[in-house]
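Me: I am new to this one and would like a guided tour. Could we begin with a loop and work outwards?

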Amino acid sequence: MDMNNFSPIYWSAPYQREVVAKIIGINNNEVQVDKALFYPSGGGQLSDLGIIVYQQQEVKVVGIEKREDGNWLQIDPVGNSILEEGIEVLLKLDWDRRYSFMKSHSSQHLISHVLKRLFDVETLKANFDDEKIDIEISRNLSEAEILEVLQESNRLINEGAEVISIIVDKEEYKRKYRDVARGKISNENKVRLIQLGEGEGYDLTCCGGVHIKNLSEIKGVFLDSFKGISLKFFINKHGIDSLNKQRILMINLEDVTAKRGEKLVEMLVNKLNESKILHEGNLRLLKMIFSEIASRSQEINGKKMVFLNLPEIDRQTLQAAARELEKEFFIVVLGRNAILYFISTNEKLSAKEINDKIIEKTGSKGGGNKGFAQVNVKNIEDPLELVKEVLTMFNY
Ligand SMILES: [Zn+2]
């Protein structure tokens, strides 16, 4: 392939779904063709798939290998014997897959652009799937900031901002674009830039991927979830469907609680806050108990053990408090919903081993590791007494 005139079809005509091409190389289960219709993957975008048609027979393209001597189409062994070097074939894209990736990928350009412009936040990583986008960003955002990102992205989609492809040589890139464009350039002599929108505040990125022509094709960007620096979005039909599903769930909740819209949200927020306050209160209490645990301990078979009955305590609180625990202790806690917990900082006493003994003896459900294990003891009359018996019996 002549890299000086590198302008693949997926750049120059991303909406072209098929082309007649000549087979210029063939190995066992791979062929090389003289037209670059299939995108070979890169920049977080997966490769195209499709078929090769020859004399009314179809051979599946199942992947693309990028190698120094160019791109090789990986083909399904079934039917590939009809192909040979020099023949002209018809290449056909799996268009639904390609178009979905074009939309997801362009949405990521848009979201990254808006993040940068509104909050000077960088996109560190991006992955796309069918109408889904996962990104990692340079700092946590507040809910209000995320809402602003969504609103601005959807405004640009509604406005129908153009996605413009610019191909220049390296010299021109250095002269005109290097200081204003985001992203890194590739090894090719040509540099491909993608511009979102026109006029002031437009976005310019170096990118070899495949894009749509106009942001309006995305229809909309919708939040799936966010946690720390990780954001997930849906776009297009997937986003609209998911939003409507959420709304139906909300309507059901409204029926159950007899609280409408904002009142329901307010109620749920209050419940959440209550449980947070309860959790924090319990955590303080537990840390206090754990800090003077020595005075509560008893010795069984020469080992320091503590038995606590704390029906308000859940697993999350217990695990948070357990980090404060000194060495050489073994603690048994009967917590909320009749769950029995074992916490061990004693190398010689595995929480899991003793937990397994209780499971064996009672047939209850549970699990864990040597530092922390739990078992459901709903049907056991005096679980703490049972543990003491087991410890004595097995000479722990
Ligand atoms: Zn791109």
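**Loops, sheets and cores**

Reply: Gln 56 is found in the loop that joins β3 (50–54) to β4 (57–67). Strands (E, at least two residues) and helices (H or I, at least four residues) are DSSP runs, numbered from the N terminus. Residues are numbered from 1 along each chain as its sequence is written. Please note that this is a predicted model, in which local features need pLDDT of at least 70, side-chain atom pairs count only at pLDDT 80 or more, and totals for chains, interfaces and linings use all residues.

Me: Is Gln 56 buried or exposed?
Reply: Gln 56 is exposed, because 6 other C-beta atoms lie within 10 Å. The cut-offs are 20 or more such atoms within 10 Å for a buried residue, 12 or fewer for an exposed one, and partly exposed in between, with C-beta atoms placed from the backbone.

Me: What is the phi of Gln 56?
Reply: Phi of Gln 56 is near 65°, a positive value in a residue other than glycine. Most residues other than glycine have a negative phi.

Me: And Lys 219, where does that lie?
Reply: Lys 219 is in the loop between β11 and β12, and its phi, near 70°, is positive in a residue other than glycine. Lys 219 is partly exposed, because it has 19 other C-beta atoms within 10 Å.

Me: On to the sheets. What is the strand order in the open sheet of four?
Reply: The order is β7-β8-β13-β12, with antiparallel pairing. Two strands pair if DSSP finds at least two bridges between them. The edge strands, each pairing on one side only, are β7 (123–129) and β12 (221–227). From one strand to the next, the twist averages 20°. Axes here are lines fitted to C-alpha atoms, for helices over the stretch in contact, and angles run from 0 to 180 degrees between N-to-C directions.

Me: Which helix packs on that sheet?
Reply: Helix α5 (residues 236–257) does, touching β8, β12 and β13 (230–235), and its direction makes about 100° with that of β13. Residues are in contact when their C-beta atoms, placed from the backbone, lie within 7 Å.

Me: How many bridges join β7 and β8?
Reply: Six bridges pair β7 with β8 (residues 132–137) in the antiparallel sense. Asp 129 has Lys 132 as its bridge partner in β8, and Ala 126 has Ile 135. The two strands form a hairpin with two residues between them, and Glu 131 in the turn has a positive phi of about 60°.

Me: What about the sheet of three strands?
Reply: That open sheet runs in the order β9-β10-β11 with antiparallel pairing. Its edge strands are β9 (163–169) and β11 (203–206), each of which pairs on one side only. On average, neighbouring strands are turned by 25° against each other, direction ignored. β9 and β10 (residues 190–196) share seven bridges in the antiparallel sense, and Val 168 stands opposite Val 191 in β10.

Me: Which helices pack there?
Reply: Helix α2 (residues 95–119) touches β9, β10 and β11, its direction making about 70° with that of β10. Helix α4 (residues 170–177) also touches β9, β10 and β11, and its direction makes about 120° with that of β9.

Me: What is the size of the largest nonpolar core?
Reply: The largest nonpolar core has 52 residues, and Ile 111 and Phe 233 have the most contacts inside it. Such a core is a set of buried Ala, Val, Leu, Ile, Met, Phe, Trp, Tyr and Cys residues joined through C-beta atoms within 7 Å. Helix α2 gives the most to this core, with six residues. Leaving aside neighbours within four places in sequence, the contacts of Phe 233 include Ser 107, Ile 111 and Val 221. Another core, lying apart, has 26 residues, among them Phe 290 and Leu 340.

Me: Finally, what are the domains?
Reply: The protein is divided into domain 1 (3–93), domain 2 (99–251) and domain 3 (282–393), with bounds that come from an automatic or database domain assignment. The C-alpha centres of domain 1 and domain 2 lie 28 Å apart, and 13 residues of domain 1 are in contact with 17 residues of domain 2.

How values were computed: Contact = placed C-beta atoms within 7 Å.
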